[in-house]
Amino acid sequence: MRTVAANPAWLTLEGRPVVVLGAGAEMGPLTALLRWGADVVAVDLPRPAIWQRLLETAHRSGGRLHVPVAQEGADLAQHAGADLLHDLRRVADWLGEVDGAPVLGNYVYADGPLNVRVAVAVDALTVRLRQARPDLALAFLATPTDVFAVPDDAVDESGRRYATAKGIGRLRGPLRVLSGGRLLAPNYPGTLPGINDSLVPQQGPNYALAKRLQRWRAAHARADGATVSLTVAPATRTRSVLKNRLLAAAYAGAHRFGIEIFEPATSNTLMAALLVHDLHVPPSPGTHPWQDEAFAAAHGGLWRQPYAPRSALGIAVLFGFGTARG
């Protein structure tokens, strides 16, 4: 972030239009990039409410927004948009004509099994565009609620915090006995590198698989020589999360364990800035893909907290339930 702040001319991404798949996503970089004066190629469903909001954002910004339209019309919001599941070839042909050295950003999301179908469609689009455009860069946001290998310093700090437990941690012994060892287990009981398992069952297997497909594609493309920006994003109070009462309560109680939950406007601006950094200063490749994934991760404290996330989830829910209801 300091490097980007010291080089404000980078923010316009001159000559590098950013294709934002899932342009209306709360975690996407569209608003920040347009505000900074970049060229953004937006793809989202043909829903007038989405495009009305995006067009209003563009009119307030210094950047340029490119929009797919099915037919010409006076009211652009009524005719804009494309469905990646059913219009994939048309979208691929359109994106293949984008000038400059484009960046393909994957920010799509859907509920349930549809999420996997859309993820596969985006992956097929990525393969086709990579074949046609060798200069294509890729951008992804990795979810923090996944499984990652983490650096040694995170493991060491987690261990120190476990050994000097405060707050609810002072009741760790009795709680572990009463729960048969399920509550407040240490975050990293094994060897280095530590494995942080932050999968949340309530998000379901479709979400986990869709996000894992992105990580596989990122690793494959990076090994093939492409410029790839894949950054772990912080847990964020997005609408898709807060509509689940259990997750909303867990987020409300997460601060008890040293975990910061971000507001959407903070997260999407932060991640857009990290994207700008990666495009100007590509990270040095690690000796193993996990090191590339862990680089500059904005995990919000999940990797450094003392307890295995699922072993603290129920307690966080209890702490946060009253706040979430309010």
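Okay, let's start with the sheet: six strands, open, in the order E3-E2-E1-E4-E5-E8, and the pairing is parallel. Which strands stand at the edges? Those are E3 and strand E8, residues 228-232, and each has a single partner strand, so one side of each is left without a neighbour in the sheet. Neighbouring strands here are turned against each other by 20° on average, ignoring direction. And before I go on, please keep in mind that this is a predicted model.

Quick reminder for anyone new to this: strands of a sheet pair through backbone hydrogen bonds, and that can be parallel or antiparallel.

Let's zoom in on one pairing. Strand E1, residues 18-21, runs parallel to E2, and four bridges join them.

On to the charged side chains. How many salt bridges do we count? The count comes to 16 salt bridges, and I'll walk you through a few.

Asp39 is partly exposed, at 22% relative accessibility.

The next one reaches further along the chain. Arg304 and Glu157 form a salt bridge at 2.6 Å, N to O. Arg304 is in the loop between helix H13 and helix H14, Glu157 is in helix H7, and they're 147 residues apart. Are they buried or exposed, or something in between? Arg304 is partly exposed with a relative accessible area of 23%, and Glu157 is partly exposed too, with 25%.

Then there's Arg215 with Glu293, where the closest N and O atoms are 2.8 Å apart. This pair links helix H9, where Arg215 sits, to helix H13, where Glu293 sits, 78 residues apart. Here we're looking at buried residues: Arg215 has a relative accessible area of 10%, and Glu293 comes in at 11%. These two are also part of a network of salt bridges, together with Asp146 and Arg212.

Okay, rings. The structure holds four aromatic pairs. One of them is Tyr109 with Tyr207, edge-to-face, 6.2 Å centre to centre with 70° between the planes. Tyr109 lies in the loop between strand E4 and helix H6, while Tyr207 is in helix H9, so the pair ties together parts 98 residues apart in sequence. Tyr109 is partly exposed at 43% relative accessibility, whereas Tyr207 counts as buried at 18%.

Another pair is Tyr162 and Tyr307, also edge-to-face, with 5.7 Å between centres and 70° between the planes. Tyr162 is in helix H7 and Tyr307 is in the loop between H13 and H14, so parts 145 residues apart in sequence are tied together. Both Tyr162 and Tyr307 are buried. Which ring joins them in a cluster? That's Phe257, linked with Tyr162 and Tyr307 through ring pairs.

One last thing to look at: Arg256 lies over the face of Phe319, 4.4 Å from the ring centre. That's my tour, thanks!

Terms used: Residues numbered from 1 in each chain as written. Predicted model: local features only at pLDDT ≥ 70, side-chain atom pairs only at ≥ 80, totals over all residues. Heavy atoms only, no water. Salt bridge = Lys/Arg side-chain N within 4 Å of Asp/Glu carboxyl O. Buried < 20%, exposed > 50% of the residue type's maximum accessible area, 1.4 Å probe, protein only. Helix = DSSP H or I, 4+ residues; strand = E, 2+ residues; numbered from the N terminus. Phe/Tyr/Trp six-rings, centres within 6.5 Å; stacked < 30°, edge-to-face > 60°. Lys NZ or Arg CZ within 6 Å of the ring centre and 35° of its normal. Pairing = 2+ DSSP bridges. Axes fitted to C-alpha atoms, helices over the stretch in contact; angles between N-to-C directions.
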